[in-house]
Structures are given as structure tokens and as C-alpha cells.
Amino acid sequence: GKPVKYDPSFNGPIKNRSCTDIICCLVFIIFIFGLAVVAYFAFAYGDPKLLLYPQDSEGNLCGYGNMRGKDHLFFFDLVKCGRMGPGVFVNGCPTPQVCLAECPKDNYVYLQNAIDNKKDKLICTYNANKATKVRLDVNTLVGDEECAAYYLKSTSVINRCLPIDELINIVDGAVEIGNETLRDAENNNVTASDQFLAAKEYAEKAIADLTSTWWMILIGLFLGMIICFIWIVVMRWIAGIMVWFTILAFVALFAGGIAVCFYNYLIYKDNDEAFSFTLAVVNLTFSKAKLFLGVGITAAIIFVIVFLILLFLCSRIRIAISLIKEGSRAVGTMIFTLVWPLFPFVLQLGVVALWAVVAVFSQQLPCDNSVSFSQQLPCDNSVSFSQQLPCDNSVSFFLVSIYSIFSQYIQVSLIYRYTIYLQIYNLFMLFWLVNFVVALGQMTLAGAFASYYWAFNKPKDIPAFPILSSFWRSIRYHLGTLAFGSLLIAIVQLIRVFLEYLDHKLKGSENPVAKFLMKCLKCFFWCLEKFLKFLNKNAYIMCAVYGKNFCISAKNAFMLILRNVVRVVVIDQVTDFLLFICKMVVVALTGTGAFFFFDGRIEFLNQYKPTLNFYFIPIIIVVLGTYVIASCFFSVYNMAVDTLFLCFLEDLERNDGSTEKPYYMSKDLMGIVGKKNKVPKS
């Protein structure tokens, strides 16, 4: 592309601009209207209570339809659920499950009746009717999994029978209830390692710890936020020290490692020794002298390459450091930019909440025993939505307005038939709206930081309320551009979800070609999503400055980056590395403080320290929460550096330092690139 030409009227984000990508804006509005329609039908005719109805092994809903009165789901062998680990929430529990009128009120092991063959206490499947019970003995019924091998006194938890109040004893690794040792259907002891129900005690203690420390956790998160703010302010002074110290430490450690390798080679070359170790099933033997020589030569080659790269990229690294310092000044000047991430964060929470509510309310009751997205729902005349629907396959959601007149003659509801497609539409809108909110936040910050860079006399020439001005320009003129960019990412994300679904379905396939193609496709779309996010962010920066549509902005940003590709790579990597170090420092400081407090090592605060079962639980929450807060703060910093960098590149192409075309960059940056503004003669 051609370098940007000087424009005497340009002095920052253009005020007089027009609406961009209007067609995409209209499409976005239509899709939002479609989401509103889907949400209306979900709220009006969906039944979120279906998520609470447990489902037995035959697809019946406990407490509904022909299982009315049998509200509780009973698991034959909870141990098998525990062995599934987290996969039990996706694939279900691989043990027979039946609906019961009430949960077991006592403990039972089938060996109690293995000899006398009494069957009155057995809990069996629906197929194991009375005739079958009479014909077969207890051992056969349990061995065929027609009846449960054992059960415990249970309590109904969300209509599931769980033995949460039962005392479990561990004797020589085996689980005992009273004097009976639990055995599964294969007549094997149920061991303590299999018994996941013991986690209930730990969960109760963890909840008690959180209840007593919630306000302390909030204080810890607030202190983490203060540390983030202070760290960003001091970055203008310590950014260079951090980067150069890390580079020098890397060079020194690598050089030291090379010296150690060659030193050991000189020691072992005359008196060589061999050592061996086993890797998988292969026994490998190495000569120590040759091993140290090979590692030393390899490390030396890498060291020389890295050292030469550092020598050639030294000026680029200095530019990156200077831009990071300038970003800190910009954030410090426009302090409200640090508060801005709260707004898109709340919007994203709202979008996710809307998606979740619509998805939950989309659980519907078809009257033809067909599958509705995630549940097999039997037909029942007693079910009522917002109005009573007869169970004769004659209702259509699209003709509800005339239901009272023609209810006996309307065809099967299309909304039931296409529930899965509406759920996919809802998921697609989740991706689109979340990415739209991210784009809005990026463009708003880009406009504010561009206003800072293109102010010749800082901070005097910075416009008042730069964040609000940029936000207004974004929603007034560029909703279509934001929708366009976020649409591209949403489509790729939906394709990735579809590929993950296919990969899950093909896990049992032994076709290596299919597996290879699937991995290639997943890798390609992952890379494509990363590239689009990078391109979109730079397109939003150009759009915030010049007010052009998405395609022109993306093209101009991409060409500008290609003309300065080495600088872009170096600054991007240095910035990412430095911000990662900053986040880790903030998290480490907050986490260390939380550890010393909850562990009682800060003596003058011991009077406030609560007695905890697991003191690491509030520490973990403080660490994770601080990481989220630090990510929000430093995302602003990252956007500041990216915006200032593109403005810096344009400044180099647009101006030449003369009195007519002075540079807008800082004196530090001008000194690094060997530029200066000419002072007009008096």
C-alpha cells in the first residue's frame, strides 16, 4: 500500500463523519428482532421446570406423565457415576436409574438376602415385575442389573436420591455401612477411592469457609484493584527496567548454561561414563560427554541466533518500551479509561444471562414423545403452559392467536419441531452479541487514546470527556462496522462449536484420515479466529480515527502493518510479555498477602483472622478474582499501546518534522527513531 499523505486539516479523530456499513447494521437489528421473537416463544411456551425433572434410564420424566407420583430418581450404583468424573454431566451416569415415590429410608446390601432369597427390600427396574422377581433369585436379579446391589438411606436433592446424611465408615480401604461391607453387582468391594460421596463433607466445610470470609475476599479483591492502578501508573518509570532486565537475565542464564555444558564435556571426555533411562518402553543409553557436547552446541547455536536478533532489533525494542511508557501516561491522563471496562463487562454479563434464560425456557413439552433438544418428553394432558394445550398434535405456536377457535384442527406445532434450530440461533446470537460488546469497548478506547496521541500540546489539547465522545461516535455512526466485524468472528466460533460436536461424535471412530482432517480443520479455524480478532482490533482503531467502513479500515490497518511488519511483531510480543509479567506480579502480590493473612502470619491482624477448615479456598478465590481484575485493567493498557502504535506509524508517514508538518510523537520516541521537530526561526 501507499504511505499516508499529509492532510493539513487532520488533528485527531475526525468529527464530521457519516454512518458506515448500514446494511450490516440493518441485518444486525433484524437478527436482534429475531432473537426477541425466539425469547418471546421461549418465555410464553417454554417450561424451565423440565430441567428439574430427572430422567430415568428409559427416558421417563420422574414426577411427570405416567410417572406422576414417582418424583425421585434412584441410581442403582452411584460408584459408577463417581468413576465417570466430570464426564458424568455430559454423558450421564452408566448405571440403571428408576423413578421412586420416595427415597430409601434405610441401608441395604443384597447379601443380606442372598441365602433366604427374600426380595421385599429390592429396588428393581420396571421390567423386573413381580413374576420375574418370583422366578429369579436375588443373585441373578442383581447380577443382571435388574435390581440394585445396595442402597443407602437417602435424601432427595433436586429430586435425586443421594445419601448425603449417611455415615460412611472406611475399614481397610472398604466402605461399610453399619456392619455391612458394600458390594457392587460384580460382588466386588466398594473401595474408598471409588466413594465420591465423601466429598459432601468437604463441600459443606468449603461453603462454611466462604460464608465466614466473603467480606475479607472482597477486601482482597479491592486491594488487588488498587495494586493494578498503582502498577499502571508506575509503569512509565519501570517498563524499560523490566524489559531490559528480563532480556539480560535470559542472555546471562543461557550463556551460563552453555558454559556449564562445555565444562562438563571437558570433565567427562577423557573418563567417559554412560547412563541410561527408560522412555516409555524404550531403554536409552547415552554417553555423558557426548550428551553435554550436543546440548552445549545446540544451546550455543540458539544463543547466537537470539543474540543477533536482539542486536538487530534493539531499536525496535526501545520503541516498544517507549510506547508502553506513553501508554501509561495516556491512561494516567484519562483516568476514566480504567473504569470503562466495567461497562462492556456488565453488558456481556447481560448477554450471557439472556442467552441462558432463553436456553432454559426453551425446554418444551411436545405431545408426540419426540426429542426436544435435551429431553425426551412424554405426552401429558395435565401440563399447562401459559394456556392449556390439548394433547392431540393440533397446536401450532404460529397460530396461537386463533387457538381458542380452531384448536382441534391446527397441525403439529412447528416450534416444537424446530426447537434445536432455535437453540442454535440463540447460541449464534450469543457469540455475535458478546463480540459486538467487545468491539464497542475496543473502538471506544481507540477513539479516546487516538485523541490523546493527536493532541499536539498534551494535555492541553486533549478534548474534554474523550471516552464519552468516542462512545457517542461509535454508537452514532459505526454500529454497522461493529456488527460486521463481530459477525465474522461469531460465524467462525459457531463453526468451531460444530467441529467440536463432530469431534465428540467421531471419538469412537478408528478412521485416521477423519481424525487428521478434523484436527486440521480445528487448527485452521482456531488460527482464523485469532487472525480475525487481530485484524478487527486494528480495523476498529482506524475506524475510530477516520470514520471509514469496516473493509476500508481493515485494509488500511493491514497495509500499514505490512509496511512496518518487523516493528509490529516486536512491539506486539514485547507488550504481551510485559503485560503478562505485570498481571503475574499483581496476582502474586495479592495472593501472597492473602496467604499470609489467612495463614495467621500477620500478627497484628490475627484478631480478624477467622478459624477455617481450608484456608486455601479464600486464597484461591482471591487469586482468581485478582487475575480477572488485572486482565480488565491491563486490557485497557494493551489497547492504549496498540492505538498509540498505529498512530505513531501514521505520524511517521504523514509528517516530516517541519514547522508545517510537525511530529505528534513524544520526544522520547523522536529520539529513538532519529527524528525531531524543527523550531521556527523568530
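Me: If contact is taken to mean heavy atoms within 4.5 Å, which residues of α12 and α18 meet in this structure?

Reply: This is a predicted model, in which local features need pLDDT of at least 70 and side-chain atom pairs count only at pLDDT 80 or more, while totals for chains, interfaces and linings use all residues. Residues are numbered from 1 along each chain as its sequence is written, and side-chain values use heavy atoms, with hydrogens and water left out. On the α12 side, Gln 442, Leu 445, Ala 446, Phe 449, Ala 450, Tyr 452 and Tyr 453 meet Val 636, Met 639, Ala 640, Thr 643, Leu 644, Cys 647, Phe 648 and Asp 651 of α18. The contact of α12 with α18 has, by class, twelve nonpolar, two polar and one charged residues.

Me: Why is α12 called oblique to α18?

Reply: The two helices, α12 and α18, pack at an angle of about 50°, and their axes lie 9 Å apart. Angles under 35 degrees count as roughly parallel, over 145 as roughly antiparallel, 65 to 115 as roughly perpendicular and the rest as oblique, and α12 is therefore oblique to α18. The crossing in which α12 passes α18 is right-handed.

Me: What makes α1 oblique to α12?

Reply: Helix α1, residues 22-45, packs against helix α12, residues 419-453, at an angle of about 130° with the axes 10 Å apart. That value makes α1 oblique to α12, and α1 passes α12 in a left-handed crossing.

Me: Which classes of residue form the contact of α1 with α12?

Reply: From α1, the residues Val 27, Phe 28, Phe 31, Ile 32, Gly 34, Leu 35 and Val 38 meet a set in α12 that includes Tyr 425, Asn 426, Trp 432 and Phe 436. The residues of this contact divide into 13 nonpolar, two polar and no charged, where Gly counts as polar and Tyr as nonpolar.

Me: Which helices line the second largest pocket, and which residues lie nearest its centre?

Reply: Each of α9 (342-361), α12, α15 (512-546), α17 (565-598) and α18 (616-654) supplies at least two residues of that lining, and the largest share, eight residues, comes from α17. Of the 34 lining residues, Val 438, Gln 442, Lys 537, Ser 635 and Asn 638 lie nearest the centre of the second largest pocket. This pocket holds about 1400 Å³ of space, and its lining has 19 nonpolar, nine polar and six charged residues. A pocket here is an open set of points on a 1 Å grid, where a 1.4 Å probe fits, with protein on both sides within 12 Å along at least five of seven lines, and lining residues have an atom within 4 Å of a point.

Terms used:
Axes are lines fitted to C-alpha atoms, for helices over the stretch in contact, and angles run from 0 to 180 degrees between N-to-C directions. Helices (H or I, at least four residues) and strands (E, at least two) are DSSP runs, numbered from the N terminus. A crossing is left-handed if the near helix is turned anticlockwise from the far one by less than a right angle, and right-handed if clockwise. Contact means heavy atoms within 4.5 Å. Grid points are joined across faces, edges and corners, and a volume is the space filled by probe spheres set on the points.
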